[in-house]
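Visitor: Please take me slowly through one part of this structure, and then go on from there to the contacts made elsewhere in the chain.

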Amino acid sequence: MKRAFVVGYPISHSRSPLIHTFWLREAGITGSYERLAVEPAAFPDFANTLKEQGFVGGNVTVPHKEEAFRLASVDDQVARDLHAVNTLWLEGDRLRGANTDVVGFLANLDQEALGWDGRLGRAVVLGAGGASRAVLYGLLLRGAGEILLANRTFERARALAAHFGPKVKPVAWEEADTALAGADILVNTTSLGMKGQPSLELDLGGLPETALVTDIVYVPLETPLLAKARALGLRTVDGLGMLLHQAVPGFERWFGVRPLVSQQLRALVLADIEGRSQGAP
Ligand code: ATR
């Protein structure tokens, strides 16, 4: 029996076990996917002894992604550029790592808004945390001409923009409204709009009618930002698909079957969200 895991600290909110257990059953594979809380000080020991513990690999979430990058042998260019690993597996005795957050972000948009990157001029990204890094990377990969990055703490936006080079331009949080003029896509990567958090107060009036609005928050599934965009007739994509799609490559590595992000899976996770209503990935 193959055993995989998701490791974080804390970890109780993770919906990854629900996703992978669904896929295991669907594929008729005898395997398991466990949720593990491991403190930062204990993480290196944990990651270096996967084989002894009987694991084939697993997912890594906050706050271990950077440490996982340092511990694993990494060929994956995305993980190298982001200095963050969210998927671990064993190749013989070697600990290998990759980053599937960018693939998750892009695959969600590809599935839900085909052709969204056809004419990607200006993008606006809100937030400058770990999720923002993956989003910026993905938008640049798909040829975004210019990305305006707004964050409450300007210094974080400045530092992240500097990391990505001249196409990413930091803007003041108060200027997010005006930055929307002429934007092809708006992405919220902040926690604003998540259940229990304040909502994102933004005037979307400047967005062209062809713009796409997407949120990485998925609890609630339709955040106040997405509701406002929909009311204006704009295309919207919710954040649940990013969570589901980032899980695909790991499952394929550990269990040897490429799983599908189906309506049935979405419905299962949605039912859990509606039952539990906690917003973290
Ligand atoms: P993650 O790695 O998931 O992106 P994070 O590093 O905690 O998480 O980042 C959360 C983002 O939400 C940050 O951009 C944060 O802004 P700061 O850098 O100024 O902290 C943003 N955020 C959280 N609460 C906010 C609020 N009340 N108003 C504006 N931005 C907020």
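Guide: In helix H6, the residues Asp101, Val102, Gly104, Phe105, Leu106, Asn108 and Leu109 are buried, where buried means under 20% relative accessible area, exposed means over 50%, and partly exposed lies in between, with a 1.4 Å probe and protein chains only. This is a predicted model, in which local features need pLDDT of at least 70 and side-chain atom pairs count only at pLDDT 80 or more, while totals for chains, interfaces and linings use all residues. Residues are numbered from 1 along each chain as its sequence is written, and side-chain values use heavy atoms, with hydrogens and water left out. Helices (H or I, at least four residues) and strands (E, at least two) are DSSP runs, numbered from the N terminus.

H6 covers residues 101–112, and its 12 residues, at 1.5 Å a residue, should span 16 Å, which agrees with the 17 Å between its end C-alpha atoms; the expected span is 1.5 Å times one less than the number of residues. Among the buried residues of H1 are Ile19, Phe22 and Trp23, and the helix is followed by glycine 28, whose phi is positive, near 65 degrees.

Trp23 leads on to the aromatic rings, for ring pairs link Trp23, Tyr33, Phe251, Trp254 and Phe255 into a cluster. Rings of Phe, Tyr and Trp (its six-membered ring) pair if their centres lie within 6.5 Å, and planes under 30 degrees apart count as stacked, over 60 as edge-to-face and the rest as tilted. The whole structure holds 8 aromatic pairs, and one of them is a tilted pair of phenylalanine 251 and phenylalanine 255, with 4.8 Å from centre to centre and 50 degrees between the planes. Phenylalanine 251 is buried at a relative accessible area of 0%, and phenylalanine 255 is buried at 7%.

Turning to charges, a search of the whole structure finds 17 salt bridges, each being a side-chain nitrogen of Lys or Arg within 4 Å of a carboxyl oxygen of Asp or Glu. One of them joins arginine 3 to glutamate 34, whose closest N and O atoms are 2.9 Å apart. Because arginine 3 belongs to strand E1 (residues 2–8) and glutamate 34 to strand E2 (residues 31–37), this pair ties together parts that are 31 residues apart in sequence. Arginine 3 is partly exposed at 24% relative accessible area, and glutamate 34 is partly exposed at 25%. The charged end of arginine 3 also sits over the ring of phenylalanine 55, at 4.3 Å from its centre; such a placement needs NZ of Lys or CZ of Arg within 6 Å of the ring centre and within 35 degrees of the ring normal.

Another salt bridge brings together the side chains of arginine 15 and aspartate 272, at 2.8 Å from N to O. It links distant parts of the chain, since arginine 15 lies in the loop between E1 and H1 and aspartate 272 lies in helix H13 (residues 263–276), 257 residues apart. Both arginine 15 and aspartate 272 are buried.
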